[in-house]
Amino acid sequence: MNPESKRDMSSWRDRIRHTRRPLCVSLWSGAGGLDLGLEMAGFDIAVAVDNDGWAAQTHAYNSKALVLERDLSSPGATRTLLRELDLPAVALVAGGFPCQPYSRAGQNRIRHLVKHEQRSGVDERAFAWLSYVAAVQELRPRQCIAENVPELATFNGGLLLRDIVNALEDLGYSVDVRVLSARRFGVPQYRERLFIQAALPGTEIVWPEEEREGPEPTLAAAIGDLPDISPGKSWRDGERTSYEPKPGSEPPDWARAGMPKTARQWLTDHVSRNVREDDLEAFRQLPPGGTYLDVPVHLRRYRDETYTDKYKRLEWGRPSRTITAHMAKDGYWYIHPEEHRTLSIREAARIQTFPDRYQFAGYPTNRFLQIGNAVPPLLGRAVGAALQDARQGQGRASGIPRAAERLSRLGKERESMDAWRILVSEVVLGGRAGAKLFSELTKAFPDPVSALGAANGDPAVARLRELARKVLSSNEGKIPETAAEISRLAGCGPAQASVAESLITGGAPPKNVATMRMAARVAGVSATGSLTGIVFPILARLTAFGEDARTNQAAVEVARSVCRPDIPDCPACPLEEFCAHAVSGSAVVDVQTRLQLASATAG
Ligand code: SF4
């Protein structure tokens, strides 16, 4: 629809006023992957906004939404735009604010440009989330969903995620975060994305259940039916390739759904980049799963210590590596499993689970970019179905927001330990603040000066005296605060030092085996994929930063005292009523095993 056409606008307004589906406003909507999934789950996308003209054209072509090409960097302008649209009640605000400032690849690129004085060190996009919060404030939807890269959870030491959670809580929402693995929702790739979900009182937060049973979705199932092509065939917009599934294969059920009758024999965008002669030779040498290091030395054009995975040949029997916006630059990470070429635009779209009817606007580079930046529609559908469950009071409600509140209250009820006592507990006694020796030591030696005179005897007392001596001689009597200082002075490992730092300063959540185990259990997650990447955002949501450091003391206490590795003492745990593990009795065995493995490796 054309926003300039009075007739189109009038019929759009009529549609959204009479739709029986919950209305959604989508910000930074890109090519519309998340929106397509939300639509499949029953939402009606009323408005979609993005400042990329090609992405906006793609979205407009494929959906009934009013698609606006606008910049959303200003919270004030975002609010004005939404106010002027005069929308009926909006049920959901969805948004994937720019992820480049937080993603590892994006940060590397920014650092490179700053170093070469090609851009300022301040990335305005890192503040785009303020526009998302402004939109929520303006529209007051019952539910909100935001999507980003998992690295957002650790950006700026975790403070950014905390700021976003706080801002939504200040608007009266309960908030939770989760990293979802796309392949657990039928998407044939190793893609993980962080979602922030918020809901007004009266609506629970429900996350989609991962499909843990059965085989993982494979590349063969996603693109194995597509015809062979020759690379580098010159691209022409709208050109079609004739389609018939390759013998012995068939398309996934979602891929050909909704194809217009006249297009059932056709496929668009099944074109791939030209391949240089030397690359062609290199590709020929690559076995399935092979990387740059499998290329014979005389065919390597890049420094192999830097570009160990410059080339990657995908494998039929596994999910693809994550489709990223990098595809717009080159396709070397995505070499076809059999043919000596990189993936075609349509193959990349298939791996992102866009159906073949979905048409993309722009030149091939623009199309790869849109596809790489998209939320896979099948992942969007799973998230949308969970949001619908929450609307209808179904599904397993997340206990994380209430568990966080409980820990915060517990922390406030407790007398905060001073920095010296925290060091005694964490460094001298290995976290045994409840032990008899702890109360004896801290009563007898309430500060480093008194501890200097501690008599020989128990090894813990000797450690205490040594610690006091180092604090007084190396640090002018000031208790060290950062993990690095603590580790240097007290000679303890990084995990111990980071817990001590977290308890002293409240700087970052107390990340160690015990607290990660507790967070995984409360959320009921199975930590497939990257353990830290999946569990840490939950721990960050559960604990606190800054002035509320006592919450962290409560979290550490619960994790160590009752959430024991073997059999947790749930009846004695203050989080029992909010804990997925306690409620379902399900053993999060893989988390447990992996945590122990991780700890053994770290130790
Ligand atoms: S209820 Fe049980 S499993 Fe859950 S956090 Fe408490 S002790 Fe751990």
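How do the residues of the shell around the ligand divide into nonpolar, polar and charged? The shell holds 10 nonpolar residues, one polar residue and three charged residues. Here Ala, Val, Leu, Ile, Met, Phe, Trp, Tyr, Cys and Pro count as nonpolar, Asp, Glu, Lys and Arg as charged, and the others, Gly among them, as polar. The structure is a predicted model, in which local features need pLDDT of at least 70 and side-chain atom pairs count only at pLDDT 80 or more, while totals for chains, interfaces and linings use all residues. Residues are numbered from 1 along each chain as its sequence is written.

The ligand is surrounded by 14 residues, of which C563, P568, C570, C573 and C579 are the closest. A residue is near a molecule if its C-beta atom, placed from the backbone, lies within 6 Å of it. Helices α20 (513-523) and α23 (580-584) each contribute at least two residues to this shell, and the largest share, three residues, is that of α20. Helices (H or I, at least four residues) and strands (E, at least two) are DSSP runs, numbered from the N terminus.

Seven strands form an open sheet with mixed pairing, in the order β3-β2-β1-β4-β5-β7-β6. Two strands pair if DSSP finds at least two bridges between them. Strands of a sheet pair through backbone hydrogen bonds, in either a parallel or an antiparallel way.

Strand β1 (residues 23-27) runs parallel to β4, to which four bridges join it; V25 has V93 of β4 as its bridge partner. Strand β4 (residues 92-95) is in turn joined to β5 by four bridges, again in parallel, and L92 is partnered by Q143 of β5. With strand β7 (residues 192-199), β5 pairs in the antiparallel sense over six bridges, and Q143 stands opposite A199 of β7.

Strand β5 (residues 143-148) is largely enclosed by the rest of the structure, because six of its six residues are buried. A residue is buried if 20 or more other C-beta atoms lie within 10 Å of its own, exposed if 12 or fewer, and partly exposed in between, with C-beta atoms placed from the backbone. In a regular strand the side chains alternate between the two faces of the sheet. In β5 both faces are covered, with Q143, I145 and E147 buried on one side and C144, A146 and N148 buried on the other.

Two helix pairs were examined. Helix α14 (residues 419-428) packs against helix α19 (residues 494-505) at an angle of about 155°, with the axes 10 Å apart. Axes are lines fitted to C-alpha atoms, for helices over the stretch in contact, and angles run from 0 to 180 degrees between N-to-C directions. Helices α14 and α19 are therefore roughly antiparallel, and their crossing is right-handed. Angles under 35 degrees count as roughly parallel, over 145 as roughly antiparallel, 65 to 115 as roughly perpendicular and the rest as oblique. For α2 and helix α12 (residues 377-391) the angle is about 45° and the axes are 7 Å apart; these helices are therefore oblique to each other. The crossing of α2 and α12 is right-handed, a term used if the near helix is turned clockwise from the far one by less than a right angle.

Residue G42 lies in the loop between α2 (33-40) and β2 (44-50). G42 is partly exposed, because 15 other C-beta atoms lie within 10 Å. Its C-alpha atom is separated by 7.7 Å from that of Q388, although G42 and Q388 are 346 residues apart along the chain.
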